[in-house]
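Visitor: I have a structure open and a few questions about it. Can we go through them one at a time?

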Amino acid sequence: MNINDATLVENEERARQLLQRSWKLSIAGECRPALSGRTYAVTSPYTGEQIAVVPDGGAEDVAAAVTAAHAAFEGWRATPPMARAQLLEELARAIVAYARDFAILDSVDAGIPIVYMADELRTVAAFMRYFAGLALETKGETIPASNNLHFTERQPFGVVARIVPFNHPFMFAAKNIAAPLIAGNTVIVKPSELTPLSALLLGELVNEILPSGVVNVVVGNGPEVPQALVSHPLVHRIGFTGSEEIGRKIVRAGADCGVKDISLELGGKNAFIAFPDADPVTVAEAAIRNMNVTWSGQSCSSTTRLLVHEDIADIVVATITERLSTHVIGNPLDPHSRQGTIVSERQYHSILGFIERAQQAGARVASGGGRPKGVDTGLFIEPTVLVDVAPDSEVAQEEIFGPVLSVIRWRDEEEAIRIANSVRYGLTGIIYTNDIKRAHRVARKIDAGMIGINGSGAAFLGIPAGGFKASGLGREQSLDELLSYTQIKVTSVYLD
Ligand code: NAD
């Protein structure tokens, strides 16, 4: 059955069946409990109830996974790239075959509306096929440095750690194995402890298709597992997606125990700059779309600061407020639901705290501001629009990771650019104007890795995705990502 063809009742029934399984770590081609025997409970952010008991892995499980991945490495790197590509394509086909199960798990575990999961699953399969197609691009070059022969080869690192966040649980766990695998590395995936279920199911599927130990999935409740991964001497390459705070910890911890190659896809406080020549209704609709209410704003590329010229500010805010009030909230497994839950109680209270402190600092709530009225179930917060926000206030500077838009007015172009660049992040940015010269001029001056002119600044398959400043290091979802999982070796052959 296709993801979008099922009713709420059918989804709930399938969820019940899926959640009856016994959840296991995936190490050395086998599904098994944590070595300590410890487990922890995973709860639904919609019902608040326990939905699964999963292994609470520890440092000893990480050690076993690294040993398995290290043992598998020589065989995997010796497998010709096109044969690796074929296996990845087979995995993509299997993921498509089980797409509805992965979708349902993320929906109950992370509170994502099921209707949007079809896109996530398509994205995963597309990434796998894309990287499989790039298999022969891990090539070297010859360099005429002398009359001898000098050539480069791109070689894998060995064991790669992929640590991923809660907000797109399956998409990040699954698509992020593609580039390291095609480059000849073996991988350990570490999903968020909040949303581990779809990655644990992925571990089961991987064991049926890839040689044992090539991909391992380990999770634990707390930082022990990722810390052990980062500091393991056989893990030289770490690909991290998550918060700035943890990204910095990883760099620090990695440096304390060795020299590691680390890429970081971190947070954002992205600016949407609307010029007065842009159509205000189009701007308002785009501002809502890019709040990513679907994920309750829990998306790194969301534009959370709307920098709008004062000439169109009133009509833009009025239109946003009017359109936001029609958003459908409900059980994420219901195909009619359009807004997901906040992932955890902690994150829920953190977002409400930001909204409250913003008001104390002088901002005004134009729309939303708290729990939706009449909704008793689920960690929902209304899409919230704050006006009269000072550009240097907490709510305009910090990543909230919730459905909160701060509106800031400006008068001239330089002021807009200064405000856009006044945060420490630099992931995405959006510019709306009909003046082509102004659009390019401003785009060049915005400190961000991904800019959208009259459209989203979010990533597309094949374009390098990543951030400036505190938003990260390195680029993903493109050839750059594949090459970042290789290291260059030079060989000089003396001919005379
Ligand atoms: P997080 O940083 O809290 O956790 C991310 C992962 O790090 C989890 O798997 C977690 O278990 C692990 N972790 C926790 N402590 C660790 C430690 N000491 N060492 C190593 N790993 C550790 O992030 P989150 O709350 O899951 O996700 C939200 C954040 O992720 C936001 O900041 C968001 O902007 C960012 N994000 C960025 C991108 C991007 O592509 N730039 C994409 C998605 C999310």
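Visitor: How far apart do the C-alpha centres of domain 1 and domain 2 lie?

Guide: The C-alpha centres of domain 1 and domain 2 are 30 Å apart. This is a predicted model, where local features need pLDDT of at least 70 and side-chain atom pairs count only at pLDDT 80 or more, while totals for chains, interfaces and linings use all residues. Residues are numbered from 1 along each chain as its sequence is written, and side-chain values use heavy atoms, with hydrogens and water left out.

Visitor: Which residues belong to domain 1 and domain 2?

Guide: Domain 1 is 7–266 and domain 2 is 270–463. The bounds come from an automatic or database domain assignment.

Visitor: How many residues of domain 1 are in contact with domain 2?

Guide: 29 residues of domain 1 are in contact with 29 residues of domain 2. Contact means heavy atoms within 4.5 Å.

Visitor: On to the ligand. Where does it lie, and why?

Guide: The ligand lies between domain 1 and domain 2, because both give residues to the shell around it.

Visitor: How many residues surround the ligand, and which are the closest?

Guide: The ligand is surrounded by 26 residues, and the closest are V164, E193, S243, L266 and E399. A residue counts as near if one of its heavy atoms lies within 4 Å of the molecule.

Visitor: How do the residues of the shell divide into nonpolar, polar and charged?

Guide: There are 15 nonpolar, seven polar and four charged residues in the shell. Ala, Val, Leu, Ile, Met, Phe, Trp, Tyr, Cys and Pro count as nonpolar, Asp, Glu, Lys and Arg as charged, and the others, Gly among them, as polar.

Visitor: What lies 2.8 Å from an oxygen atom of the ligand?

Guide: An N or O atom in the side chain of K190 does.

Visitor: What percentage of the ligand's accessible area does the protein cover?

Guide: The protein covers 89% of the 860 Å² that the ligand has on its own. Accessible areas come from the Shrake-Rupley method with a 1.4 Å probe, and for residues only the protein chains shown count as cover.

Visitor: New topic, Q298. Where is it?

Guide: Q298 sits in the loop between helix 11 (280–289) and strand 12 (303–309). Helices (H or I, at least four residues) and strands (E, at least two) are DSSP runs, numbered from the N terminus.

Visitor: Is Q298 buried or exposed?

Guide: Q298 is buried, at 3% relative accessible area. Buried means under 20%, exposed over 50%, and partly exposed in between, with a 1.4 Å probe and protein chains only.

Visitor: What does the side chain of Q298 reach at 2.9 Å?

Guide: At that distance, the Q298 side chain reaches the backbone oxygen of T341. The Q298 side chain also reaches the backbone nitrogen of V343 at 3.0 Å. Leaving aside neighbours within four places in sequence, the contacts of Q298 include F166, N167 and F401.

Visitor: What is the phi of S296?

Guide: S296 has a positive phi of about 50 degrees, although it is not a glycine. Most residues other than glycine have a negative phi. S296 is in the loop between helix 11 and strand 12 and is buried at 0% relative accessibility.

Visitor: And where is D388 found?

Guide: D388 is in the loop between strand 14 (384–387) and helix 14 (394–397). D388 has a positive phi of about 55 degrees and is partly exposed, with a relative accessible area of 47%.

Visitor: Last one, P113. Is it buried or exposed?

Guide: P113 counts as buried, at 0% relative accessibility. P113 is placed in the loop between helix 4 (99–110) and helix 5 (114–133). P113 and H336 are 223 residues apart in sequence and 8.4 Å apart in space, C-alpha to C-alpha.

Definitions and conventions:
Polar contact = N/O pair within 3.5 Å; in protein donor to acceptor, adjacent residues only side chain to side chain.
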